[in-house]
Amino acid sequence: MTVLEILSLFIIGTIPILFAAVQPWVWSLYCLLMIAVFILYLWSTLDQPVLPPLRLFKKSVAIFYIWTLFLCIPFPHPALSFLSHTRAEILSRAWALNGSTPTWETASYLSKPGLSWWVFLLSLGLFFFVVRYLCTERKTLKRVVYIMIGIGLLEAVYGLIQALVPSMGVLWVDYIQDYLGTARGTFINRNSFAAFMGMIWPLALGITLAMTGRVYSLKEVLASDRLNRQALMAMGIIVILLALIFSRSRAGIVSGLVGFLAFSILARTGMKALALHTRVLMGGVILLLCIYTMTIGVGPIFQRFLTLGADSGSRMDIWRDSLPIIADHPLGIGLGNYANVFQVYNQSLTSDKTVLHAHNDYLQVLIETGWIGFFAVISGFFIFIGKSARRIKQLDYRRDPLRFYLAVGAFSGIISMSVHGLFDFNLQIPANCLYFVVLMAVLSACTQPRKTINVEQRTSNIEC
């Protein structure tokens, strides 16, 4: 393996461990690591075209980066009044109260947090190109996927222990009483954990189905190592799905079902060609999952689905109180500023309840980046998804089942995360954000036309 591969795999394999890297000092370190990896990538590909031509998807993402950085640039007061009248009016009142003279200010309410998160998002964009480049090689693609599944499995096992031992906290943090008795892994929030599981299990299913092959007799099936590997992966899928269920995250479970629906639709042509033992194995997975779920007990889970709960009402209150922010700031308030601005607009929640996120990734992106940033990133995402779906349909599952099923798995994980984002703030969690980008890179690498890649001509000037 090269240094580039080792560092990239290290980032993917370790970022969820310390509370999903939610502390600023943790995700800042990973930000520096990703930038360093990208520089190493540039150096290792000096004799190759590094970035492909800017197409519509990349142009949309570039507009998003430019616009969100633009919000952090200071402007004189007249220009700021044009860009953000409400922000300029608030500053005018503050200057009048303390008798100070107007100065250059940014449209972003707090520019430093905005710039910090912008740099992290930029590092994710750079890391996308690195992972996509690495995943054009079959061995590296498998390593990336197996590490993601391995981390997901460890998180799932830890989460199930938490569900069985209600007093267990997260790592050394045992004083947080919220979500006790639910599966959380190393995530503080069970919904963020459920979103993470929702991205992992489709990959595990994809690589399990990719292990199938042509067999001609029961004897060959029983003697095949492939069956043993598939059975092992099937058990891993059961554990991951159990952890998702016992997170008791309604949005996580529903989005997981949507992801399964997407997987079934895209993989329907390949499923017809699966060997009989693989179909039996997948049926066994579903049966065992039901048995294990009933054994552990699903009473609290059903109860949570049947009860709206206080947090559901709080979400609606948050969304309703957040809408005036969009009306007053059509061009955005700046990245990372939602928590500060929402306190001014909060009309429904008690003052002792601190709201850090909008509990809707799309709404928060719209509030923080304005209509320009929102349409840029959303249009780019849908262009990417649409093009990827078309390319998956063009893949030959007989010729390359690995890339076909991994592309379907990555696509399904992305869909699951996108649906979950309607009800939670998963893309505000650095680990989830990075895994979402890695899924996009895996999907892009698996669906890229083979004629554009020559994996055998990789440079080896940075090999260990």
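This is a predicted model: local features need pLDDT of at least 70, side-chain atom pairs count only at pLDDT 80 or more; totals for chains, interfaces and linings use all residues.
Biologist: What separates the C-alpha atoms of phenylalanine 423 and alanine 251?

Modeller: Along the chain, the two are 172 residues apart. Between their C-alpha atoms, the separation is 6.6 Å.

Biologist: Is phenylalanine 423 buried or exposed, or something in between?

Modeller: Buried means under 20% relative accessible area, exposed over 50%, and partly exposed in between, with a 1.4 Å probe and protein chains only. Phenylalanine 423 has a relative accessible area of 36%, so phenylalanine 423 is partly exposed.

Biologist: At roughly what angle do the axes of α18 and α19 cross?

Modeller: Axes are lines fitted to C-alpha atoms, for helices over the stretch in contact, with angles from 0 to 180 degrees between N-to-C directions. Helix α18 covers residues 401-420 and helix α19 residues 430-447. Their axes come within 9 Å and cross at roughly 145°.

Biologist: How do the residues of the contact of α18 with α19 divide?

Modeller: Among the α18 residues that meet α19 are Leu406, Phe411 and Met417, and the α19 partners include Phe436, Leu439 and Cys446. Here Ala, Val, Leu, Ile, Met, Phe, Trp, Tyr, Cys and Pro count as nonpolar, Asp, Glu, Lys and Arg as charged, and the others, Gly among them, as polar. The contact of α18 with α19 divides into 13 nonpolar, 4 polar and 1 charged.

Biologist: And how are α17 and α18 oriented to each other?

Modeller: The axes of helix α17 (residues 361-394) and α18 come within 12 Å and cross at roughly 155°. Angles under 35 degrees count as roughly parallel, over 145 as roughly antiparallel, 65 to 115 as roughly perpendicular and the rest as oblique. Therefore α17 and α18 are roughly antiparallel.

Biologist: Which residues of α18 make the contact with α17?

Modeller: From α17 come Tyr362, Phe381, Phe384, Ile385, Ser388, Ala389 and Ile392. On the α18 side, the contact is made by Phe404, Ala407, Val408, Phe411, Ile414, Ile415 and Ser418.

Biologist: Which residues is tryptophan 67 in contact with, leaving aside its neighbours within four places in sequence?

Modeller: Tryptophan 67 is in helix α3 (residues 56-70) and is buried, with a relative accessible area of 12%. Glycine 332 is 265 residues away in sequence and 9.7 Å away in space, C-alpha to C-alpha. The contacts of tryptophan 67 are Leu331, Thr369, Ile372 and Gly373.

Biologist: Where is phi of alanine 21?

Modeller: Most residues other than glycine have a negative phi. Alanine 21 lies in the loop between α1 (3-14) and α2 (24-44), and is buried with a relative accessible area of 0%. Its phi is positive, near 60°.

Biologist: Last one: how many helices are there in the protein?

Modeller: Of the 464 residues of the protein, 54% count as buried. There are 0 strands, and the helices number 19.

Terms used. Residues are numbered from 1 along each chain as its sequence is written. Side-chain values use heavy atoms; hydrogens and water are left out. Helices (H or I, at least four residues) and strands (E, at least two) are DSSP runs, numbered from the N terminus. Contact means heavy atoms within 4.5 Å.
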